[in-house]
Amino acid sequence: MGFRLGNVSGRAVLVAADGDGVERWFDLERATDGRLPADPMAAVARAADLHEVSAGLDPGDTDGRFDEALDAGIVGPPVPRPTNCFGVGLNYRAHAAETGREPPSVPIVFAKFPSCLVGPRADVELRAEQADWEVELVVVIGAGGRDIPAERAWEHVAGLTGGQDISDRALQFAASPPHFDLGKSRDTYGPTGPVLVSVDSFADPDDIGLTCDVNGERRQDDRTANLIFDVPALVAHLSAVLTLRPGDLIFTGTPSGVGAATGRFLTAGDEITSTLEGIGTLVNRCTA
Ligand code: ZN
């Protein structure tokens, strides 16, 4: 049985649906009488235990339960402090085309500095004019390692979550040659969540639908089956260079429909709604 791992007020929680499909959020440490850790960064390395505990959760049990945690707006990023957080550029053909570039023959990897990470309901604090939306599937490493072959890559993934790779286009291309890291890493420019979902929860983890709406208008709509470099290829590519660690994040790239393609950017008051099949929805409001 799969698990759904979240973060409420900095504590790891497991999510279980009751008979009516209402999600109940359980404090991991309390639900296991201290056997499993409260720290989300420690919890993400315990995938086998999370499967077991999740299978035994009783949604009717009110001990250690956070009710309506999502509505309370206290849900943080499922993986708040990864050692490394990678982004991948131009990883869908239609997105490469809308930017006027050829599809890459080698993954275009940049850093999203972990300090930019916020939760699924957090405000995005705009600090410049050319802020853009990018809905993405985000891979969370469970069992780290180096030189992981593609055919074993999924064994090293704790689960999948959603993300917005909010991008300051002016900053991204300010230097010559361009250097993406800072333009992708302003404070609050990395909403993730709402939860981390174990790989076995998906009928096909290589084919997940994802959409992005801005103020209710559909801007992006694609499936991860159309990734140029799929999840196993990215894990193999990165782990050939450095040791992946539990909790490391890989933003896998965004579909076509970004604002830069049409010159429309985010402004204060905009609401970004990002939905990933089998994972859930992030709603992020832009503030000045
Ligand atoms: Zn991106």
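**View 1. Asp39 and its salt bridge with Arg81.** In this predicted model, Asp39 is partly exposed, with a relative accessible area of 31%. The side chain of Asp39 meets that of Arg81 in a salt bridge, with 3.0 Å from N to O. The pair links distant parts of the chain, since Arg81 belongs to the loop between strand S4 (65-66) and strand S5, while Asp39 belongs to the loop between helix H1 (28-31) and helix H2 (40-43), and the two residues are 42 residues apart.

View 2. A search of the whole structure finds 22 salt bridges, and two of them are shown here. The side chains of Arg30 and Asp27 meet at 3.6 Å, N to O; Arg30 counts as partly exposed at 45% relative accessibility, whereas Asp27 is buried, with a relative accessible area of 0%. In the salt bridge between Arg218 and Asp213, the closest N and O atoms are 2.4 Å apart. Arg218 has 46% relative accessibility and counts as partly exposed, whereas Asp213, with a relative accessible area of 14%, is buried.

View 3. The protein donors of the zinc ion are Glu134 (OE), Glu136 (OE) and Asp165 (OD), which lie 1.9 to 2.1 Å from the ion. Along the sequence these donor residues follow the spacing E-x1-E-x28-D. Glu134 lies in the loop between strand S9 (131-132) and strand S10 (135-141), and Asp165 lies in the loop between strand S11 (157-164) and strand S12 (167-168), so this pair ties together parts that are 31 residues apart in sequence. Are Glu134 and Asp165 buried or exposed? Glu134 counts as buried because its relative accessibility is 4%, under the cut-off of 20%, and Asp165, at 0%, counts as buried as well.

View 4. Arg169 is placed in helix H5 (residues 169-172) and is buried, with a relative accessible area of 9%. If its neighbours within four places in sequence are left aside, Arg169 is in contact with Gln130, Asp132, Trp133, Glu134, Lys184, Val258, Ala260 and Phe265. A network of salt bridges links Arg169 with Lys112, Asp132, Glu134, Asp165 and Lys184; among these residues, Glu134 and Asp165 are also donors of the zinc ion.

View 5. Helix H6 (residues 231-239) is largely enclosed by the rest of the structure, because seven of its nine residues are buried. The buried residues of H6 are Val231, Pro232, Leu234, Val235, Ala236, Leu238 and Ser239. What covers them includes strand S5 (85-89), strand S6 (108-111), S10, S11 and strand S16 (249-251). Val235, one of these buried residues, is also among the residues with the most contacts inside the largest nonpolar core.

**View 6. The nonpolar cores and Leu266.** The largest nonpolar core has 47 residues, and those with the most contacts inside it are Trp25, Val157, Leu160, Val235, Ile250 and Leu266. This core draws at least three residues from each of domain 1 (4-74) and domain 2 (85-287). Apart from it lies another core, of 24 residues, including Ala16, Cys85, Leu117 and Ala158. Leu266, found in the loop between S16 and strand S17 (271-276), counts as buried at 2% relative accessibility. Leaving aside residues up to four places away in sequence, Leu266 touches Leu126, Glu129, Ala131, Asp132, Trp133, Ile166, Val214, Ile272 and Cys286. The C-alpha atoms of Leu266 and His51 are separated by 39 Å, and the two residues are 215 residues apart along the chain.

**View 7. The contact between the two domains.** The domain assignment of the protein chain gives domain 1 (4-74) and domain 2 (85-287), and the centres of these domains, taken over C-alpha atoms, are separated by 25 Å. The contact takes 10 residues from domain 1 and 15 residues from domain 2. The size of an interface is often given as the accessible area lost when the parts come together. Between domain 1 and domain 2 the buried area is about 970 Å², of which carbon and sulfur atoms give 62%. How many salt bridges are counted between domain 1 and domain 2? The count is zero.

Notes: Residues numbered from 1 in each chain as written. Predicted model: local features only at pLDDT ≥ 70, side-chain atom pairs only at ≥ 80, totals over all residues. Heavy atoms only, no water. Core = buried A, V, L, I, M, F, W, Y, C linked by side-chain atoms within 4.5 Å. Buried < 20%, exposed > 50% of the residue type's maximum accessible area, 1.4 Å probe, protein only. Domains from an automatic or database assignment. Contact = heavy atoms within 4.5 Å. Donors = N, O, S within 2.8 Å, 3.2 Å for Na, K, Ca; no water. Helix = DSSP H or I, 4+ residues; strand = E, 2+ residues; numbered from the N terminus. Buried area = accessible area lost by both parts, 1.4 Å probe. Salt bridge = Lys/Arg side-chain N within 4 Å of Asp/Glu carboxyl O.
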